[in-house]
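Subject: Structure handover

Hello,

Here is the structure I said I would pass on. Please open it first and keep it beside these notes while you read.

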Amino acid sequence: MYDVIIIGAGPGGLSAGLYAGRMGLDTLIIEKLTPGGQITQSSEIENYPGVCEVKSGLELMQCWPEQTKRFGAKIISEEVVSISRYEIQDDKYGFIIKTPKNEYRSLAVILATGATPKRAGFKGEEEYIGKGVSYCAVCDGYFYKNMDVAVVGGGDSALEEALYLSNIAKKVYLIHRRDEFRAAPATVEKVKNKENIEILYNTTVEEVKGVPFLNTAVINTDGEIKELKVDGIFVFVGMNVNSALVKDLCELNEYNEVKVDLNMKTTLEGLYAIGDVRENSVKQVVASAGDGAVAALNVVKYAKSLKD
């Protein structure tokens with residue numbers, strides 16, 4: 001049995017693993033994809049303290065798994081399908097973590113499952129995924145070299161990815177449903193100064209079409225419908241948290257985010273939640289890493305209380 005099992009190997013999960021391992025806990029990290037998390041799909045990270053040069057998300061996260069393993073944490077690639085409790089002895093409970101192939105047991109669990117991109121909801125969005133609709137500029141941007149593309153969204157992610165794509169594509173239309181952006185002022189200024197980015201305020205995408213690949217977006221600007229010729233659309237309109245594994249174990253808020261206290265404890269003893277999946281997360285790499293450290297240090301105390 002492990003002292004702690006961490007589900008998810010993004011910045012939060014890897015930081016938790018580093019701290020837990022360094023504090024002597026027998027630590028297992030389970031990640032269904034490649035370690036690094038959602039941030040590995042970001043083209044530019046320029047605000048991680050102590051890292052002065054601009055890096056891609058992939059570059060930033062490159063050494064984190066090895067650093068975590070150096071302190072004893074084990075990282076495996078499997079998909080967790082369920083979490084349940086079992087009685088260790090005398091009203092002391094541990095957790096059973098099941099994957100399609102294996103079953104693992106631990107004293108505590110740290111949930112670091114993050115979030116996945118939301119759909120914008122326009123007609124044809126699902127149909128054209130992989131044929132012109134994308135949620136990752138770093139992954140798919142190069143396919144649109146010297147072409148015209150559109151980016152949908154008004155937050156930091158949308159503007160940063162529009163800037164990234166403007167260095168690859170011939171032209172980038174930035175489609176935003178409001179008349180001002182929610183992104184950081186410095187990023188907004190960069191976008192406005194980029195010659196090949198055209199901002200379409202008060203505009204939504206109604207439909208995409210093309211045979212066999214997307215070549216047209218039907219847009220609505222203040223009630224005026226027109227067709228925009230683009231070869232690809234990149235959607236960055238927010239995230240859905242991945243909390244389904246614990247929805248029957250602890251309290252969630254109205255957005256399905258896991259409720260935690262300042263120690264990252266959920267409403268179920270021994271279960272912790274960190275990063276984008278938790279309530280009131282600011283959804284920043286540095287904050288997720290901090291969450292991981294906080295949770296791991298509190299798990300140390302919790303595991304000790306079960307062993308005494």
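Which residues are exposed on the other side of helix 6? They are Pro 185 and Ala 186. Here exposed means over 50% relative accessible area, buried means under 20%, and partly exposed lies in between (1.4 Å probe, protein chains only).

Before the rest, some ground rules. This is a predicted model, in which local features need pLDDT of at least 70 and side-chain atom pairs count only at pLDDT 80 or more, while totals for chains, interfaces and linings use all residues. Residues are numbered from 1 along each chain as its sequence is written, and side-chain values use heavy atoms, with hydrogens and water left out.

Overall picture

The protein has seven helices and 17 strands. Helices (H or I, at least four residues) and strands (E, at least two) are DSSP runs, numbered from the N terminus. The radius of gyration is 21 Å, close to the 19 Å that the globule rule gives for 308 residues, so the protein is as compact as a globular protein of that length. That radius is taken over C-alpha atoms, and the globule rule is 2.2 Å times the number of residues to the power 0.38. Along the principal axes, the C-alpha atoms fill a box of roughly 70 × 40 × 35 Å. Of the 308 residues, 50% are buried. Among contacts between residues at least 6 apart in sequence, 58% join residues at least 24 apart; a contact means heavy atoms within 4.5 Å.

Two strands pair if DSSP finds at least two bridges between them.

Strand 9 (residues 148–152) is joined to strand 15 (residues 232–235) by four bridges, and the two run parallel. Ala 150 has Ile 233 in strand 15 as its bridge partner. Strand 9 is also joined to strand 10 by five bridges, again in parallel. Val 149 stands opposite Val 172 there.

Strand 10 (residues 171–175) is mostly covered, with four of its five residues buried. Four bridges join strand 10 to strand 11 (residues 197–200), and these strands run parallel. In strand 11, Ile 197 is the bridge partner of Val 172, and Glu 198 is that of Tyr 173. When you look at neighbours along a strand, keep in mind that in a regular strand the side chains alternate between the two faces of the sheet.

Helices between the strands

Strand 9, helix 5 (residues 156–166) and strand 10 make a right-handed β-α-β unit. Strand 10, helix 6 (residues 185–192) and strand 11 make another right-handed unit of this kind. Right-handed means that, with the strands pointing away from the viewer, the path from the first strand over the helix to the second runs clockwise.

Back to helix 6: which of its residues are buried? They are Thr 187, Val 188 and Val 191. These residues cover an arc of only 100 degrees around the axis, which puts them on the same side of helix 6. The arc is that of the directions from the helix axis to the C-beta atoms. An α-helix has 3.6 residues a turn, so residues three or four places apart point the same way. The buried residues of helix 6 pack against helix 5, strand 10 and strand 11.

Salt bridges

How many salt bridges does a search of the whole structure find? It finds eleven, counting a side-chain nitrogen of Lys or Arg within 4 Å of a carboxyl oxygen of Asp or Glu.

One of them is between Asp 3 and Lys 307, whose closest N and O atoms are 2.8 Å apart. Asp 3 lies in strand 1 (residues 2–7) and Lys 307 in helix 7 (residues 285–307), so the pair ties together parts that are 304 residues apart in sequence. Asp 3 counts as buried at 8% relative accessibility, whereas Lys 307 counts as exposed at 54%.

Lys 247 forms a salt bridge with Asp 248, at 3.4 Å between the closest N and O atoms. Asp 248 is exposed, with a relative accessible area of 68%. Glu 251 forms a salt bridge with Lys 259, where the closest N and O atoms are 3.6 Å apart. Glu 251 is partly exposed at 43% relative accessibility, and Lys 259 is partly exposed at 28%.

Regards
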